[in-house]
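I set out to record, entry by entry, what I looked up in this structure.

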Amino acid sequence: MDLERLYYKDAYIREFTSKVVSCEKDKKGYALILENTAFYPEGGGQPCDLGTLNGIAVTYVGEKDDEVVHYTDEPIEKGAEVKGVIDWERRFDLMQQHSGEHIVSGMFHEKYGCNNVGFHMGKDMITLDLDKEITWEQVQEVERQANEYVWANVRSAALYPDEAEREKMDYRSKKPLKGIVRLISFPGADMCACCGTHVGSSGELGIIKMFSCQKFHQGVRIEMLCGGRALDHINLQLEQNKAISNLLSAKTGETAKAADRLLTENRAMKAQLIGYEKEKLETLAQSHKGENSVLIREEGLSPDSVRNLANMLMENGAQGICSVFSGNDGEGYKYAVCQKDGDIREFIRNMNAALNGRGGGKPFFAQGSVNCKWSDIENFFKEV
Ligand SMILES: [Zn+2]
């Protein structure tokens, strides 16, 4: 263990003093190495700490050749005394998320024999990948058990057993380990090899909240949050539900039922509307019965209805070219053009060229759109 890393001595150190061992400029800024530091470098799935050194913002903290490297935009002279301040809100949040991940991973392992094979602390959401399929009900069981563990306020511990001692211990690790290893113990919930920072007692997590469980590779990906971040996300969802409740005039506990009712009504109205439109188009098609060529402009038709109307005209016995356009001069027109047993491919090529259009289809039937005025369409059809 490296005692110059103060976060291993005490994860609650927010301020410290140290001396600059070296300060060199590289691509990421000024790279500072200190005699000792409380800044946690990115690693083990945990993002790095941010904060300040003598009031200068620390933009990134990484590791190079076993040293903790702090990046700043301004240099600090070698040998200078520095006061380091950790961005505690960020660090404590990461400690909460990381500790919660240990506790639930230990419980999933113990209860369902699955392993944590991926962990990502995103800006908004924490994801946990398990190597076995788990149901949402099983996730909820672990959530309940994990929160009971939070309420029991159990103290965590960092242990440093050697290989012989570890042989007698049951702990989680992603890979086989040699020599002395740091194990993080949440007694009764989890024991896991880890180099990150964790809360001293489970009660500091406040809440462990699972949000989703989706199939992922051979197992599942779970979305979860702990502590303040969980509270923020629950509030966000609460606001959404409140807004839906107001819009639908439904109680907040009955919004899904109200939305379902609305969608059912909506589907019925849509079916009715399609029926009305079909009748209207049939009447329109009938009114052109017996004509040789037909050109129709009809407002507000869907591409399907444009096609259906053209089909109806053709089936009504029109021998020439039947053309249906729907749209307006500003946004252009959708079209369907057809001729029973005809070949209109050349006609469509000419029309697209003349009317700034695109589209095509079968030899006797074409669909597409044109970007022009209605008067241009009328003129084109007058000339053919
Ligand atoms: Zn950890």
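The entries below go from the sheets to the helices and end with a single residue.

**Conventions.** I noted that this is a predicted model, in which local features need pLDDT of at least 70 and side-chain atom pairs count only at pLDDT 80 or more, while totals for chains, interfaces and linings use all residues. I number residues from 1 along each chain as its sequence is written. I take helices (H or I, at least four residues) and strands (E, at least two) as DSSP runs, numbered from the N terminus.

Entry 1: Six strands make a closed barrel in the order β1-β2-β5-β4-β3-β6, and their pairing is antiparallel. Direction ignored, neighbouring strands here are turned against each other by 45° on average. I then examined β1 (residues 15-26) and β6 (residues 81-86), an antiparallel pair with five bridges. Within this pair, Phe 16 has Gly 84 in β6 as its bridge partner.

**Entry 2: the open sheet.** I found five strands with mixed pairing, in the order β14-β15-β16-β18-β17. Which strands stand at the edges? They are β14 (294-297) and β17 (357-362); each has a single partner strand, so one side of each is left without a neighbour in the sheet. From one strand to the next, the twist averages 15°.

I followed two pairs in this sheet. Strands β14 and β15 pair in the parallel sense over four bridges, and Ile 296 stands opposite Val 324 in β15. Strands β16 (residues 332-338) and β18 (residues 365-370) run antiparallel and are joined by six bridges, with Lys 334 opposite Ser 369 in β18.

I also noted that side chains in a regular strand alternate between the two faces of the sheet. In β14, Val 294 and Ile 296 form the covered face, whereas Leu 295 and Arg 297 form the uncovered one. Helix α7 (residues 303-315) lies across β14, β15 (322-328), β16 and β18, at about 35° to β16.

**Entry 3: helix α6 and its partners.** How do the axes of α5 (residues 227-248) and α6 (residues 255-287) cross? They come within 10 Å and cross at roughly 50°. That makes α5 oblique to α6; angles under 35 degrees count as roughly parallel, over 145 as roughly antiparallel, 65 to 115 as roughly perpendicular and the rest as oblique.

On the α5 side, Asn 241, Ile 244, Ser 245 and Leu 248 meet Thr 255, Ala 258, Ala 259 and Leu 262 of α6.

The axes of α6 and α7 come within 9 Å and cross at roughly 35°. Residues making this contact include Leu 281 and Leu 284 of α6 and Leu 309 and Met 312 of α7.

**Entry 4: Cys 114.** I located Cys 114 in the loop between α2 (88-112) and β7 (116-121). Is Cys 114 buried or partly exposed? Cys 114 is partly exposed, because 19 other C-beta atoms lie within 10 Å; a residue is buried at 20 or more, exposed at 12 or fewer, and partly exposed in between, with C-beta atoms placed from the backbone. Beyond neighbours within four places in sequence, the contacts of Cys 114 include Phe 108, Leu 130 and Gly 219.

Note on methods: Two residues are in contact if their C-beta atoms, placed from the backbone, lie within 7 Å. Axes are lines fitted to C-alpha atoms, for helices over the stretch in contact, and angles run from 0 to 180 degrees between N-to-C directions. Two strands pair if DSSP finds at least two bridges between them.
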